[in-house]
Amino acid sequence: MLSVAGADHIITMDLHASQIQGFFDIPVDNLFAEPAVVKWIMDYIPEWKNAIIVSPDAGGAKRVTSIADRLNVDFALIHKERVRANEVQSMVLVGDVTDRVAILVDDMADTCGTFCLAAQKLNEAGAKKIYAICTHGIFSGNATTKINNSYFEAVVVTNTIPQEEKMKECPKIQLIDISMMLSEAIRRTHNGESVSYLFKNMPLI
């Protein structure tokens, strides 16, 4: 649809499945929120050196280990068995979060049911504080109510989706502005420069 409409280059942010790039017959640059996430953790979580980065499922292990390596902290993951989409039967935490700041990282937050169950699991396992960081905050249904009643200190999302209304409903939702990353990617693309620098680094302001 985008190709037919006349687009000759596409810039995306944290595609849910990177294979989606292969469906286009035009260049696609898939940026990652990781540099912005790492910066936010270091700027806004004072005890980040005592943190542990947690993946809410096995599929996000690569994302979590990359962030943990950059921060030089440990990582853990939650293995979950689903009954059906958005409905989890059981959760098993792999890793020790006792007296640590647990930071759940995922690419998107939709209904937040399993996210809040993961926070409960981390609390039961002895985590001192619990944060969640996602690239895309969809927050469908009563997600904001679940977050308000959860163990999260904050649920942090980027502004790939406007969040003004959701932030009014839920004071725990905080925002990472990624407009600089996208604007720098556009500038580099327009000038024929490499975009790969932005895969691991925030643009210099």
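Met-108, Ile-138 and Ile-161 form a nonpolar patch on the surface of this predicted model, with about 200 Å² of accessible area together. Patches are built from residues with over 30% relative accessible area and no salt bridge; like charges are joined within 9 Å, and nonpolar side chains (Val, Leu, Ile, Met, Phe, Trp, Tyr) within 5 Å. Accessible areas come from the Shrake-Rupley method with a 1.4 Å probe, and for residues only the protein chains shown count as cover. Because the model is predicted, local features need pLDDT of at least 70 and side-chain atom pairs count only at pLDDT 80 or more, while totals for chains, interfaces and linings use all residues. Residues are numbered from 1 along each chain as its sequence is written, and side-chain values use heavy atoms, with hydrogens and water left out.

**Overall form**

- The protein contains six helices and nine strands; helices (H or I, at least four residues) and strands (E, at least two) are DSSP runs, numbered from the N terminus.
- The radius of gyration is 17 Å, close to the 17 Å that the globule rule gives for 205 residues, so the protein is as compact as a globular protein of that length. This radius is taken over C-alpha atoms, and the globule rule is 2.2 Å times the number of residues to the power 0.38.
- Along the principal axes, the C-alpha atoms fill a box of roughly 50 × 35 × 30 Å.
- Of the 205 residues, 43% are buried; buried means under 20% relative accessible area, exposed over 50%, and partly exposed in between (1.4 Å probe, protein chains only).
- The protein exposes about 10800 Å², of which carbon and sulfur atoms supply 54%.
- Among contacts with a separation of 6 or more, 54% are between residues 24 or more positions apart; a contact means heavy atoms within 4.5 Å.

- E3 runs parallel to strand E6 (residues 101-109), and four bridges join the two; strands pair if DSSP finds at least two bridges between them.
- Within this pairing, Ile-52 stands opposite Ala-102 in E6.

**Salt bridges**

- Side chains of opposite charge can pair when their charged atoms come close.
- A salt bridge is a side-chain nitrogen of Lys or Arg within 4 Å of a carboxyl oxygen of Asp or Glu, and by this rule the count comes to eleven.
- Asp-106 lies in strand E6 and Arg-63 in helix H2 (residues 61-71), so the pair ties together parts that are 43 residues apart in sequence.
- Asp-106 is buried, with a relative accessible area of 13%, whereas Arg-63 counts as partly exposed at 25% relative accessibility.
- Arg-100 forms a salt bridge with Asp-74, and their closest N and O atoms are 3.1 Å apart. The pair links distant parts of the chain, 26 residues apart: Arg-100 is in the loop between strand E5 (87-94) and E6, and Asp-74 is in strand E4 (residues 74-84).
- Arg-100 is buried, with a relative accessible area of 17%, while Asp-74 is partly exposed, with 44%.
- Glu-165 forms a salt bridge with Lys-168, with the closest N and O atoms 3.4 Å apart. These residues are three apart in helix H5 (residues 164-169), and about one helical turn separates Glu-165 from Lys-168.
- Glu-165 counts as exposed at 53% relative accessibility, and Lys-168 is exposed, with a relative accessible area of 67%.

**Individual positions**

- Ile-161, a member of the nonpolar patch, is in the loop between strand E8 (154-158) and H5. Its relative accessible area of 30% makes Ile-161 partly exposed.
- Asp-110 is in the loop between E6 and helix H3 (113-124), and is partly exposed, with a relative accessible area of 27%.
- Asp-110 and His-136 are 26 residues apart along the chain, and their C-alpha atoms are separated by 8.5 Å.
- Thr-144 is found in helix H4 (residues 143-148) and counts as buried at 6% relative accessibility.
- Leaving aside neighbours within four places in sequence, Thr-144 is in contact with Lys-166, Glu-169, Cys-170 and Ile-173.
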